[in-house]
Structure formats: C-alpha cells, structure tokens
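Biologist: I would like to learn how to read a few features of a protein model. Could you take me through them one by one?

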Amino acid sequence: MDSTLSQNIEQATEALQSLSLLQREIEIASRLISEALTNGHKLLACGNGGSAADAAHLTTEFVCRFDGDRRPYPAICLASHGGDLTAIGNDYQFEDIFARQVDAFAQPADVLVVFSTSGNSENIYRALQSAARKGIGSVALLGRNGGRCAGLATVELIVRSDVTARIQEGQKFLLHTICEMVERDLKAH
C-alpha cells in the first residue's frame, strides 16, 4: 500500500501547526495591508510559477472580495501582464521583471507582497530591494529558511518546511488568514 497520502498529511499538519508561531507577524502583515487599502493606497503582489498564481489569488481577493460583499480595493498582480513581463525580460533582464514594475507603480504608503517557496529568486529579491528604495511596506511569504530574501521585507512569514508542496499549502493558508483579517477591517471602514 502506498504511504504517500499519510506522509503528505503528516508533513502538511506539521507545516500548518508551525504557522501558529507567526501570530505576531501575521497581525503586522494584515495591518500593513489594511492601512494601505483603507487609506486609498494599493497592494502590489508577485511571485514565480505557482507563487505567481498565489499572488494573483491574493490580489483578486481584494479587487473582487474574499467573503461577503464590500467595495473593491486596488490590488495589482505584477506577474499577470504578459506585455510588461516579456518587454522587461527581453529589453532588460528577467531578474528585473518585478522590480521595474515596483518602480513604475509603487507610490508612498502602498504595500508589496511577495511569494517565494525558496526565498532565493533573484527577481523577488530585486522587487524587495525596489520596495525598500521606494519606502513602501513589504510582506514576504517565504519557505524553508527564507533564503536570501530573509530580512529584506518589513515583515516575513516563513513556512518552515523543505517540501515545496507543503510550503505552498502553508502560504495558501496564510494568504487566506490575512485576507480574512484584512477583510474585517475593510468592511468596518
């Protein structure tokens, strides 16, 4: 009998339970996003591959809604516009695809959210550097030990696992938790 399912459940349980250690960081991340959106600013998000899909998921929850009806809020996934991505990748370099967009779109008091399972993606690293140069808040959802992106964001949420799938599951859980917390503030505003 294949033990994949029971092994995955055990790993997922361990990864999700470890997130309880991030309560303070989750509250800070939620507050950063809430304050940006309720004060008329925007959310930018990015990631590569599955993390790009998570960035798009996050921004959609604010442009549309997470749970219940409320007005839309400005949120842009930097991984979604094929023209921008391919032009920057072609005319400059792939490592700049997100940083250049942060430079173009970020305004004071906006917030950037990045997703990376390794924390070692150069384009995510450069996006965080760009956010710091622009003086905007940033939230990094990272995996493993945070990689080279550890310590660059205003707040980091590190899913401590060595299995990419478990990291993605943990990041999805964090994404939904943050959306739930922020949405309460948005509805009250």
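Biologist: Is the crossing of H1 and H7 left-handed or right-handed?

Modeller: First, some ground rules. This is a predicted model, where local features need pLDDT of at least 70, side-chain atom pairs count only at pLDDT 80 or more, and totals for chains, interfaces and linings use all residues. Residues are numbered from 1 along each chain as its sequence is written, and side-chain values use heavy atoms, with hydrogens and water left out. Helices (H or I, at least four residues) and strands (E, at least two) are DSSP runs, numbered from the N terminus. A crossing is left-handed if the near helix is turned anticlockwise from the far one by less than a right angle, and right-handed if clockwise. The crossing of H1 and H7 is right-handed.

Biologist: At what angle do the axes of H1 and H7 cross?

Modeller: Axes are lines fitted to C-alpha atoms, for helices over the stretch in contact, and angles run from 0 to 180 degrees between N-to-C directions. Under 35 degrees is roughly parallel, over 145 roughly antiparallel, 65 to 115 roughly perpendicular, and the rest oblique. Here H1 (residues 4-18) and H7 (residues 164-188) cross at roughly 45°, their axes coming within 9 Å. H1 and H7 are therefore oblique to each other.

Biologist: Which residues of H1 and H7 meet?

Modeller: Contact means heavy atoms within 4.5 Å. From H1 come Asn-8, Gln-11, Ala-12, Ala-15 and Leu-16; from H7 come Arg-166, Glu-169, Gly-170 and Phe-173.

Biologist: How many salt bridges does a search of the whole structure find?

Modeller: A salt bridge is a side-chain nitrogen of Lys or Arg within 4 Å of a carboxyl oxygen of Asp or Glu. The search finds eight. One of them joins the side chains of Asp-54 and Lys-172, at 2.9 Å, N to O. This pair links distant parts of the chain: Asp-54 is in H3 (residues 50-63), Lys-172 is in H7, and they are 118 residues apart.

Biologist: Is Asp-54 buried or exposed?

Modeller: Buried means under 20% relative accessible area, exposed over 50%, and partly exposed in between (1.4 Å probe, protein chains only). Asp-54 has 6% relative accessibility, so it counts as buried. Lys-172, at 27%, counts as partly exposed.

Biologist: Where does Ala-106 lie?

Modeller: Ala-106 is in the loop between helix H5 (99-105) and strand S3 (111-116). At 2% relative accessibility, Ala-106 counts as buried. Leaving aside neighbours within four places in sequence, Ala-106 is in contact with Leu-44, Gln-101, Lys-134 and Ile-136.
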